[in-house]
Amino acid sequence: MLARTSLLIFSATLFCFPAFSYAGEWSGYVSGEFRAFANSPADARQHDNNLSFSAQPEYYTDWDNGKQSFTVVPFVRWDENDNERSHADIRELTWLKAADDWELRAGIRKVFWGVTESQHLVDIINQTDLVEATDGEEKLGQPMINLALIRDWGTLDLFVLPGFRERTFPGEKGRLRFSPRIDTDQAMYESGDKGQHIDYAARWAHYLGDWDIGLSYFNGTSRDPRFIPGSDNKGQDVFIPFYDLIEQWGLDLQATLGDWLWKFEAINRSGQGKSYTALTTGFEYTVVGIAGSSADLGMISEILYDERGDEALTPFADDILLAGRLTLNDEQSTEFLLGMIFDSDDAARLLSLESSRRLGANWKITLEGQAFINITNTELLSGVRRDSYLQLELARYF
Amino acid sequence: MHNFSLNIKHIGLLVLASMPLLAAAETPEEKGLAIAIEVDKRDTGWQDQTATLEMVLRNRHGQESKRNIRTKTLEVDGDGDKALSIFDSPRDIKGTAFLSYTHALVPDEQWLYLPALKRVKRISSNNKSGPFMGSEFSFEDLSSQEVEKYSYKYLRTEKIDGREAFVVERKPAYKYSGYTRLVTWVDTEMYQPLKIEFYDRKKALLKTLTYSGYQQYEGQFWRSTNMSVVNHLTKKSTDLHWKDYRFKTGLTDRDFDRNSLKRAR
């Protein structure tokens, strides 16, 4: 179905594409990545250290004085050990038309909503490409038609979302996965239309002085599934993803007051068990020019709350994030982000590091890592308790 | 939007300015302010401007790195300009866009668009003194120069590189400036800066910025082709090479909103 919907939107996109278009431009990157794990795997089928390569070219062209454009961004990854992580996707394939008080976009796209750093509750349009990164920041392209109305009272975005994308999960050989593994081949849906259910969404966003505000609504297939115990065709235990039909309201707020950014995100979701509320709120305080240098130090703290507590599908039910962001503001754009999420109920800790630096004009080196500390066998994250890792990535941009 | 209406603040300043020009006995402060107002007045009415910019960063060993940026600016009557900068290189930040609504005395509003995440981030504008893209230019050096941002004192008139210039001392009136004072050489014909010396919070000479290759556009507006800044403490330098200046291209507020950030190219 996805293929058909995509094809439909693709054809529609081609119709809008003028025969006499200007030559477009190519950009993108190719990247190699090496992951080293601190411990041997919990499951003998899983691998130790891992090598992987990815590429994401981008083609862009515009016409009509820049008021119309066409963008294609394919993505491909090859993974040494995990067949599920070796995958390809169309991140973007969009036609855009911008007018004075509206913008229309048709095709496959990525949309981001929200303001917080530790998790993105409000952000719901795109499915998470979980094999790409455990932090959930990587997304699959979503087919859509999006009309934005741009008025004095803010921007109202209306979305029709045909073609659901299932969440990606590491395969049986992959690390950083649930235990038992998630069997995506047996995915189940509440809707009789399964992945063909058409979802709808809307978002109003505005800013007033120091305040940026967004109010959103979503009606359709939940991007995060519930998990049902089952067995695969080899008779081994697996979790089967189940996608409910949900309705979700979201609110995101940011106040930018001098060196302080105050952030708030909340959702109310119904249709996935009992209706519930979850929120993330906190601040980022930046010390500009620490110790007379040109470096900035940001201190981030956020509270993560989910009304469902231990029943939540997220490991972040009642947690606190403390993080520091060091930005050197140097020629190589060197950055470090070190953060720890504390479970307020027990001793579980999630430590994460992200740092990057440009090398020369076109290369970038990234060091990332996560440590899973004091994770017990009963926790949602128990599958990753032996998967603390460091990852070195080298990317060539063109 | 860009009509001929002047706000009260501007009229007040113009009245203030034109009187001392006529009066014989003006104080150095009055003369300094009058020059600043004339600079502002002569550079009013360009409506909007687009240009491309090559930034060359040089470290103390002479090693270079480059950034390519396109800029769009909208003149706003009675307030600071709206500006959009789009990065073409280095390639890892290609498509990153920076939107700012500058103001004279209240903090600017700034948003950053991160194309990899498709995320528009409102950012704090208190980093005025911070380096722009790792260069020797700070955000405040590159933001629009409103009259109200400084207090002024005329020092002298002297020749610099064969051109007659007013030497005017400016002291930032806004919080978070990285400078205690700036000494500016203003060309007496073009009413454009030829050189600026920046003094840091310890009152030591921090940087010298020189302008060259001025060209006139639309029969009125002077723009320099090259701006070169040297940091005397770090011995690093940054050159800006401006190209393809265009004026009155028909840009509106709509080209400077958060939606336009997401499709900036």
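Biologist: What share of the 265 residues of chain B count as buried, and what makes a residue buried?
Modeller: The share is 35%. A residue is called buried if 20 or more other C-beta atoms lie within 10 Å of its own, so the label rests on a count of neighbours. Please keep in mind that this is a predicted model. For chain A, with 398 residues, 38% count as buried.

Biologist: How do you know whether the radius of gyration of chain B agrees or disagrees with that of a compact globule?
Modeller: We set the value against the globule rule. With 265 residues, a compact globule would come out near 18 Å; chain B has 18 Å, and therefore the two agree. The C-alpha atoms of chain B fill a box of roughly 60 × 45 × 35 Å along the principal axes.

Biologist: And what does the rule give for chain A?
Modeller: For 398 residues the rule gives a value near 21 Å, and chain A has 22 Å, so this agrees too. The C-alpha trace of chain A spans about 60 × 60 × 45 Å along its principal axes.

Biologist: How do you know what span to expect for helix 2 of chain B?
Modeller: Helix 2 covers residues 28-42 of chain B, 15 residues in total, and at 1.5 Å a residue the expected span is 21 Å. From first C-alpha to last, helix 2 of chain B reaches 21 Å, close to that expectation. Its buried residues are Gly32(B), Leu33(B), Ala34(B), Ile35(B), Ala36(B), Ile37(B) and Val39(B).

Biologist: Why is a set of residues called a nonpolar core, and which residues have the most contacts inside the largest one?
Modeller: The name applies because the members are buried nonpolar residues joined through C-beta atoms within 7 Å. The largest core has 45 residues, and Ile35(B), Leu84(B), Ala97(B) and Val186(B) have the most contacts inside it. Helix 2 of chain B gives the largest share of this core, six residues. A second, separate core has 13 residues, including Trp113(A), Phe159(A), Leu161(A) and Ala278(A).

Biologist: What does Val186(B) touch, leaving out residues up to four places away in sequence?
Modeller: Val186(B) touches Ile35(B) and Val39(B), along with Ala165(B), Phe166(B), Val168(B), Tyr191(B) and Pro193(B). Of these, Ile35(B) and Val39(B) are buried residues of helix 2 of chain B.

Biologist: What makes strand 18 of chain A paired with strand 19 of chain A?
Modeller: Two strands pair if there are at least two bridges between them. Eight bridges join strand 18 to strand 19 (residues 349-359) of chain A, so these antiparallel strands pair. Gly339(A) has Ser352(A) as its bridge partner in strand 19 of chain A, and a hairpin of five residues joins strands 18 and 19 of chain A. Strand 18 (residues 335-343) of chain A is also antiparallel to strand 17 (residues 318-327) of chain A, with nine bridges; Leu322(A) has Met340(A) as its partner there.

Biologist: How many residues of chain B are in contact with chain A?
Modeller: There are 22, and they contact 37 residues of chain A. Strand 2 (64-74) and strand 6 (119-123) of chain B each give two or more residues to this side. By class, the side of chain B that touches chain A has four nonpolar, eight polar and 10 charged residues.

Conventions. Residues numbered from 1 in each chain as written. Chains lettered and ligands numbered in written order. Predicted model: local features only at pLDDT ≥ 70, side-chain atom pairs only at ≥ 80, totals over all residues. Rg over C-alpha atoms; globule rule 2.2 N^0.38 Å. Buried ≥ 20, exposed ≤ 12 C-beta atoms within 10 Å, placed from the backbone. Contact = placed C-beta atoms within 7 Å. Helix = DSSP H or I, 4+ residues; strand = E, 2+ residues; numbered from the N terminus. Nonpolar A, V, L, I, M, F, W, Y, C, P; charged D, E, K, R; others polar. Expected span 1.5 Å × (residues − 1).
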